[in-house]
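Dear colleague,

I am passing on the structure below, with some notes on what a first look through it turned up.

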Amino acid sequence: MGNPGLRLDMKKSVPFAIVAAALAAVAFLPRFASAYSVVFCSSVIMYAALSLSYAMFSGPTGYVSLATAAFFGVGIYTSAFFGKSLPLPALMIAGGVFSSVIAFAVGAITLRLRGVYFTIFTFGLVELLKHFVLWTETTFAGTRGRTVASFGSVTVFYCMLALLTALLLAAFLLRRSRVGKALSAIGESEDAAAHIGINTTAVKLLAFSLSSFAMGAAGAVMATRWAYIDPGIAFNSLMSFMPALMAIFGGTDRLLGPVAGAIVFAALEEQLITRFPSLYMIIFGAIMIAAILFMPSGVTGLIRRRPAKRKEDVPVGDS
Amino acid sequence: MGILEGRALSKRFGGRLAVDDVDFDLEDGEILGLIGPNGAGKTTLFNLISGAITPDSGAIAFEGKSVGGLAPHRLCRLGIARTFQKAKNFPGLSVYDNVLTSAQFGKKGRSDAAAREMTERTIEFVGLGPFLGKSVTDLPLAGQKRLEVARALATAPRVLLLDEVMAGLNPSEVGGAMELIAMINESGVAVIMIEHVMKAIMGVCGRVMVLHHGQKLAEGAPEDISRNPAVIEVYLGGRRA
């Protein structure tokens, strides 16, 4: 039955057009905005990309991963090693591939763990990689940090925007695919999912690797902005918590939830840091607690249509 | 040769043998009742057959091929489907999407159109047609149980394991469930059902197996089982010497 699919496309086409227009508008920003705005927007887009890639896996499955900083750091070190010999897009792909490979290996071992055990392991991964890199750098390279080739803030901006655009498309397609459905089923009940023929380990592994690709790519881009990096900067656990908090704040049920969360968070952080530098963390924490208490489905949850009602619009009976 | 065979199956949890050296056979097209007091090992036996847990020892063969130790999704695709004692429907999905998920993943290489057709057919079959677009939480208990059965059926099983689908149902709903099980069986699916509702066991099962403390206590026709002194003692807590 092609009919409901078509109606779905008609319904989706309006938000689709709005998102496309918004991305296109943002693309013109470097033409007239200040250098500072471009740098600030690059950060916001980076957070949006990280938060969205976090939500790709953790949103539907409910597996909270704190490994974002690990994959982000892998991307950073990719640029640190190859930044002087490769163009930025190639660095992004390389960072993404390295991250995916590590995610696949780690996931194959740890995705058998459920709930909080998985979360603890992923958090441990950040520390593990940090100390491993620190050890190899001091032992073999005789150094603590590295300088990274710079590509200019406008290049960074466009690479980030391209990454976010590709990621939005990937996340959109994933949600509609069978793999996306399988991920939701795993989140609803992993046992039940396995017993209706879903290869839960394979599906989780695929999504975990896919989401870490974008994290690595984002790290590869950001590294070029920082000029100097060391393991402490590259594997900063804040980069695990922020995307998760942004995704929760924005809401993971909707595709744009994590993006909305990242924009609101980044703007809020900017305002609070400049106005209340000493109280910033306290206010931030209070807002986060209030958000979890009063908006369990996040910012986008407030404008969500009720799912039961929506399903009745779709005439599933005729074929 | 039966469609499903278990030989010398054992599973230990800590110091307790939950399933202790159990043999069973399921003939193609039959309904086998599985009864026994709480903690007898009935659900553990289902978990072993469906791959949720692996046996410590023993062998399971499906259609003559050894399937012991296979993952649940592999067994499901081969044709062994199950329901859970406490229904594990996906509460975030509609009735239709619950069954569709089973239809899409339950068999390899089923097209989307075929899966949708299977979904509609299965929902009609179990009598949930009027609830097609409804949310799972809108269903009464009997409906939840039927949905659980529909999710298993949409994977097109050869063997269906039903774990207490009648628990908590009123007498007329039990009657409806018995009719449904008979219909499933007539469509060519062999069934093993765990049940405490004796009327249902006696009404639909061709054969009954009794488990007690993980061991097979008795096996036979329903009327023989209901007269078996050992079974009566276990169930009624009769006098012990």
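How many salt bridges does a search of the whole structure find over all chains? The search finds 17 salt bridges, a salt bridge being a side-chain nitrogen of Lys or Arg within 4 Å of a carboxyl oxygen of Asp or Glu. One of them joins the side chains of R114(A) and E190(A), with an N to O distance of 3.6 Å. Because R114(A) lies in the loop between helix 5 (88-110) and helix 6 (116-141) of chain A, and E190(A) in helix 9 (residues 190-195) of chain A, the pair ties together parts that are 76 residues apart in sequence. Helices (H or I, at least four residues) and strands (E, at least two) are taken here as DSSP runs, numbered from the N terminus.

Some conventions first. This is a predicted model, in which local features need pLDDT of at least 70 and side-chain atom pairs count only at pLDDT 80 or more, while totals for chains, interfaces and linings use all residues. Residues are numbered from 1 along each chain as its sequence is written, chains are lettered from A and ligands numbered from 1 in the order in which they are written, and side-chain values use heavy atoms, with hydrogens and water left out.

On confidence, chain A averages a pLDDT (the predictor's confidence in each residue, from 0 to 100) of 88, and 91% of its residues score at least 70. Among the elements of chain A, the highest mean pLDDT, 96, belongs to helix 4 (residues 68-82), and the lowest, 41, to helix 15 (residues 307-313). The pLDDT is below 50 over residues 1-6 of chain A, a stretch that has 10 contacts (heavy atoms within 4.5 Å) in the model beyond near neighbours in sequence. Residues 305-319 of chain A also have a pLDDT below 50, and there the corresponding number of contacts is 24. Where pLDDT is low, the predicted coordinates should not be read in detail.

Turning to the contact between the chains, chain B contributes 34 residues and chain A 22 residues. Together they bury about 2,400 Å², 62% of it on carbon and sulfur atoms, where buried area is the accessible area (1.4 Å probe) that two parts lose on being put together, summed over both. H73(B), F90(B) and F105(B) supply 25% of the area that chain B buries against chain A, more than any other three residues. The rule finds 2 salt bridges across this interface, and R178(A) forms a salt bridge with D112(B), the closest N and O atoms being 3.1 Å apart. On the side of chain B that touches chain A, helix 2 (72-78), helix 3 (95-105) and helix 4 (112-125) of chain B each supply at least two residues, and helix 3 of chain B gives the most, with 7 residues.

Chain B also holds an open sheet of 4 strands in the order 2-1-4-5, with antiparallel pairing; two strands pair if DSSP finds at least two bridges between them. Its edge strands, each pairing on one side only, are strand 2 and strand 5 (65-66) of chain B. Strand 1 (residues 4-13) of chain B is joined to strand 2 (residues 16-26) of chain B by 7 bridges, with K11(B) partnered by V19(B). These two strands form a hairpin with 2 residues between them, and G14(B) in the turn has a positive phi of about 60 degrees. Strand 1 of chain B also pairs with strand 4 (residues 57-62) of chain B, in the antiparallel sense over 5 bridges, and there G6(B) has I60(B) as its bridge partner.

With best wishes
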